[in-house]
Every structure is written in C-alpha cells, then in structure tokens.
Amino acid sequence: MILRSLSLDDLTIDDEASFRHVALYARLKQALRESRHRFRTAPPGERASWDRALFLNLTFWSSADESSVLCDEHIAPDVIAHTAWHAIVGKRLADMSPAGPPSAAALLFSEAIASAFDLYLVGRLIMNAPDCDFITSQVPIMAEAAEQAGLSETGFASLMREVSDNPERAFEDMRALLVDAGRALGTCVDADQAQSVLETFVGHRFEPLLHHFQLSNWILYSRAYARTSTADARNSEKAILRLDRDLRACPVSLDWLATNWLTTSDVAIP
C-alpha cells in the first residue's frame, strides 16, 4: 500500500458542527489550509489501521516534511486544530531561528501548545457538546490515564468541571506543566533521575494527565533529531524561554497566541 498525499480540502471533516461555537477553530482551520499542510492516506478503497497511522506519525514525524498520516480520507476537527498549532508555532519559531532543524526547546514548546489546546477543547465541549465524537472518544482515555495515576473517578469528574469552568486557564496550566516536565525530563540520564523529576510534579492538578500526552515520544524524538550544542540552538532556547515567561505572565495566554500568531480572518463553519 503506497500512501497518497492530499490537502485539507480533499478530506471529509467529521462532526465539525460540534465545533461551531469554538471561535478559534475556524481560524485554526484556515491557518492550516494556508500553510499547505499535506496529509497522507491509503489509496481509494483501502484504509490504514489506527495503530499503523499512530506509529507512522509518532515515529517518523518531521518538521521538514510537513505531512500527517491518516487512516483514510476522514479527519476530526481536533486533529485539524492540533496540526494547525504545530504549523503556526513551528513557523513562528523557525522565523526566529531559521538555520537547521528545530532545537529541543522549540519542539517542546510547539507540542506543549498543541497538546494543551486539546484540553482546552475538552473544556469548551464537555458541557456544550457532550455527545460529540471528540468528547466521547478522548475523555474516557484521559479518565483511564488519570485512574492509572491514582486519581479517583470523583476526582477526575471534579477536574473536568474545573476545566469546563475555565478552559483558558486549563490551557495555560497544562501548557506550562508540559513545558516544565518536558524540560526537566529531557535532561535525565536514567530512570532514577526521571522518577525524582516526576515526583516534583505531584500535587499539580494536571499531574494525573501527564502520561496521557506521550512525553516519552517527545523526549526520544528531540534527543534523536533536535539541533543541539550550537550557538543557534542556544539562542533559540533563550528566545523560547522568554516567550514561555511572557505566556505565563499573560492574563489569558491563549488570547496572546491568537492575537499575535493566529492572524487569519475568521471563517464560518458550515
């Protein structure tokens, strides 16, 4: 089976109406369209398994080859939003430090924003569209990760209410936690060090969700492919640390990102 390349407009977007009231979604969709991001899918009449698509995306993702693997010609709105944030943040950071592959700090910063936005979507949709595909598929996965981390069913329900009450705050708290955990774990050389690092985050309200976000893949990928030990990499890290501090200081960091980095005009969702 040879994968073919399709644009966003070649795909069918499933359950998009559920995202109608998420204003940023339309802008992210337009930004992804304008980025000319490509998607790889199976030939007509065939379908790649979910496990195969996940393996290809996690193992062979490349900032130089802007494409994503899908099971077929269907895509979910949350995947559009997640992919769009990668494209937007990646371009902004590349403009700041254009030479060579991205630094580990750049990869982490981009992934933290895209993944934290997934939690923001949970907050926006869990009460307004509780039966949508995104909520019915993703919240149980988050609940399982939280349970494995020791959070009770009641505790998880309470956490989801907090996320729903203030999705913007949830976005920034999750983003900052992912950055802090990713940076600290990225310097570890063995399991004992990593365990000690993970223990420092116990008590953070989103610590039970840490392993939901596949941090091991982030760290292994950055170790394999990120630009390191160069002046450009060090300058990139300094600039990203300044951006990170700015976002933490913002009343609503998502508003800052939308105003400064998401500059496309709104597009109505059909």
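Me: What is a salt bridge, and how many salt bridges does the count come to by this rule?

Reply: A salt bridge is a side-chain nitrogen of Lys or Arg within 4 Å of a carboxyl oxygen of Asp or Glu. By this rule the count comes to 12 salt bridges. The model is predicted, so local features need pLDDT of at least 70 and side-chain atom pairs count only at pLDDT 80 or more, while totals for chains, interfaces and linings use all residues. Residues are numbered from 1 along each chain as its sequence is written, and side-chain values use heavy atoms, with hydrogens and water left out.

Me: Which residue forms a salt bridge with D9?

Reply: The partner is R33, with the closest N and O atoms 3.0 Å apart. D9 lies in the loop between β1 (4–6) and β2 (12–13) and R33 in helix α1 (residues 23–35), so the pair ties together parts 24 residues apart in sequence. Helices (H or I, at least four residues) and strands (E, at least two) are DSSP runs, numbered from the N terminus.

Me: Which residue forms a salt bridge with D173?

Reply: D173 pairs with R205, the closest N and O atoms being 2.9 Å apart. The pair links distant parts of the chain: D173 is in helix α7 (residues 167–186), and R205 is in the loop between α8 (191–199) and α9 (215–225), 32 residues apart. Salt bridges that share partners also join E172, R175, D180, D244 and R248 into one network.

Me: Is L159 buried or exposed?

Reply: Buried means under 20% relative accessible area, exposed over 50%, and partly exposed in between (1.4 Å probe, protein chains only). L159 has a relative accessible area of 5%, so L159 is buried. This residue is found in helix α6 (residues 153–165). The C-alpha atoms of L159 and R205 are separated by 7.6 Å, though the two are 46 residues apart along the chain. R205 is partly exposed, at 26%.

Me: Which residues make the nonpolar surface patch?

Reply: Patches are made of residues with over 30% relative accessible area and no salt bridge; like charges are joined within 9 Å, nonpolar side chains (Val, Leu, Ile, Met, Phe, Trp, Tyr) within 5 Å. Accessible areas come from the Shrake-Rupley method with a 1.4 Å probe, and for residues only the protein chains shown count as cover. Here W50, L54 and L58 make a nonpolar patch of about 290 Å². W50 is in helix α2 (residues 50–60) and is exposed, with a relative accessible area of 56%.
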